[in-house]
Amino acid sequence: MTRPVSVVLLVGSARAGRLAPDVAGWFAQVAARRDDIVLDVVDVADHLLPASLAEDDAGAAALRPRLAGADAYVVVVPEYNRSVPGPLKTLIDSFQSEWEAKPVGFVGYGLGTAGGVRAIEHLRQIFAEFHCVGMKDIVTFPRVLDQYDGEGRFPADPEGAEAAAKLMLDQLLWWAEALREAKAVRPYGS
Ligand SMILES: Cc1cc2nc3c(=O)[nH]c(=O)nc-3n(C[C@H](O)[C@H](O)[C@H](O)COP(=O)(O)O)c2cc1C
């Protein structure tokens, strides 16, 4: 078997009382059932990087090897005013070559019917700047408060969500392995 793909799961919100741990926790459980993925969870709430984007920031320096070492990323992103939360954008802006030429998958959610799609579409544009490949198929949780069952478990329909996650992860792995092999032969941009 080929080496498992190392995926950074980027948890994209930082506010007090956030739902992100429920969404990210569910996704991490789904990914943990696969033997072709090694997941590293990077929670934006634990890495509130300075908006000044100071080049000598110790927090960014500590995070750098984890992001650089990933073969792929999955971003768990809520929709904030039709876009992405500020701390997530700051974290993304704090790095550059670390992201480069890797596949990115998206898990979106929001209070409204869009289910985070507008945040995801913005992330596609942002990651295009780093020559990333955004996965076509996404996981979304529209009206996220309705996605809890009577006992507060998330998501209420695990089968549908797991099928969407599998589709996205299968695409992500194809790209991660293909790009990893290609970069081993010829480093990107050389
Ligand atoms: C500042 C702000 C803006 C929001 N804008 C939207 C929006 O444009 N569309 C939407 O569906 N939900 C919107 N919401 C609702 C959030 O997507 C929802 O509360 C979600 O749980 C936020 O993720 P979090 O709990 O992990 O922070 C907004 C919430 C906040 C705090």
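## Close-up views of a predicted model

**View 1. The shell around the ligand.** In this predicted model, 15 residues surround the ligand. The closest are Arg18, Ala20, Pro78, Gly110 and Gly112. Sorted by class, the shell holds 7 nonpolar residues, 4 polar ones and 4 charged ones.

**View 2. Helix α4 along its length.** Helix α4 spans residues 117-128, which makes 12 residues. From its first C-alpha to its last, α4 reaches 16 Å. That is close to the 16 Å expected at 1.5 Å a residue.

View 3. Which residues of α4 are buried? They are Ala119, Ile120, Leu123 and Phe127. These four cover an arc of only 95 degrees around the axis, so they lie on the same side of α4. An α-helix has 3.6 residues a turn, so residues three or four places apart point the same way. The face turned away from the buried side carries the exposed residues Gln125 and Ala128.

**View 4. The protein as a setting for the close-ups.** The protein has 5 helices and 6 strands. From the N terminus on, its elements run β-α-β-α-β-α-β-α-β-β-α. Its C-alpha atoms fill a box of roughly 55 × 45 × 25 Å along the principal axes. The radius of gyration is 16 Å, which agrees with the value near 16 Å for a compact globule of 190 residues. Buried residues make up 37% of the 190. Of the contacts with a separation of 6 or more, 81% join residues 24 or more positions apart.

Methods
Residues are numbered from 1 along each chain as its sequence is written. This is a predicted model: local features need pLDDT of at least 70, side-chain atom pairs count only at pLDDT 80 or more; totals for chains, interfaces and linings use all residues. A residue is near a molecule or strand if its C-beta atom, placed from the backbone, lies within 6 Å of it. Ala, Val, Leu, Ile, Met, Phe, Trp, Tyr, Cys and Pro count as nonpolar, Asp, Glu, Lys and Arg as charged, and the others, Gly among them, as polar. Helices (H or I, at least four residues) and strands (E, at least two) are DSSP runs, numbered from the N terminus. The expected span of a helix is 1.5 Å times one less than its number of residues. A residue is buried if 20 or more other C-beta atoms lie within 10 Å of its own, exposed if 12 or fewer, and partly exposed in between; C-beta atoms are placed from the backbone. The arc is that of the directions from the helix axis to the C-beta atoms. The radius of gyration is taken over C-alpha atoms; the globule rule is 2.2 Å times the number of residues to the power 0.38. Two residues are in contact if their C-beta atoms, placed from the backbone, lie within 7 Å.
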